[in-house]
Amino acid sequence: PSSEELARRAARAREERPEADALAEHHGSLVCPISHSVFRDPVVAADGNTYERACIEAWFAKGKRTSPATNELLESLKLRPNHVVRRMVAKYLAERA
């Protein structure tokens, strides 16, 4: 995706912040540390932390090669889906419905 598309995705993730604030009160691990929004597409970066895909991709698109959490240089820019967190968010949201 283009950097403009990544920026749009990151902005969309930030718009969901009110729900994320409520979720963070009970389950802080289910919100992205960059956008502070509920995960939709959680991925694990080389630092072992989970981020919203659009947010970490936008971070990388800005030329950053460090961890948003630790500011240390990442060994790799490879992202892996975090299926466990995705299921946890789905379960939490289903219980609230």
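Start by selecting strand S1, residues 42-44, together with S2: the two pair in the antiparallel sense, over three bridges. Keep in mind as you go that this is a predicted model. Zoom in on Val 44 and you'll find Thr 50 of S2 standing opposite.

Now bring in the rest of the sheet. It is an open one made of three strands, in the order S2-S1-S3, with antiparallel pairing. Strands S2 (50-52) and S3 (80-81) are at the edges with a single partner strand each, so one side of each has no neighbour in the sheet. If you're wondering what holds such strands together, strands of a sheet pair through backbone hydrogen bonds.

Next stop: Trp 59. Show its side chain along with Lys 64, which lies over the face of Trp 59, 4.0 Å from the ring centre.

Then move on to Asn 82, at the start of H4. One of its side-chain oxygens comes to within 3.3 Å of the backbone nitrogen of Val 84.

From there, select helix H4 itself, residues 83-96.

Which residues of H4 are buried? Colour Val 85, Val 89 and Tyr 92: those are the buried ones. They cover an arc of only 65° around the axis, which puts them on the same side of H4. The spacing makes sense, because an α-helix has 3.6 residues a turn and residues three or four places apart point the same way.

Note on methods: Residues numbered from 1 in each chain as written. Predicted model: local features only at pLDDT ≥ 70, side-chain atom pairs only at ≥ 80, totals over all residues. Heavy atoms only, no water. Buried < 20%, exposed > 50% of the residue type's maximum accessible area, 1.4 Å probe, protein only. Helix = DSSP H or I, 4+ residues; strand = E, 2+ residues; numbered from the N terminus. Arc of directions from axis to C-beta. Polar contact = N/O pair within 3.5 Å; in protein donor to acceptor, adjacent residues only side chain to side chain. Lys NZ or Arg CZ within 6 Å of the ring centre and 35° of its normal. Pairing = 2+ DSSP bridges.
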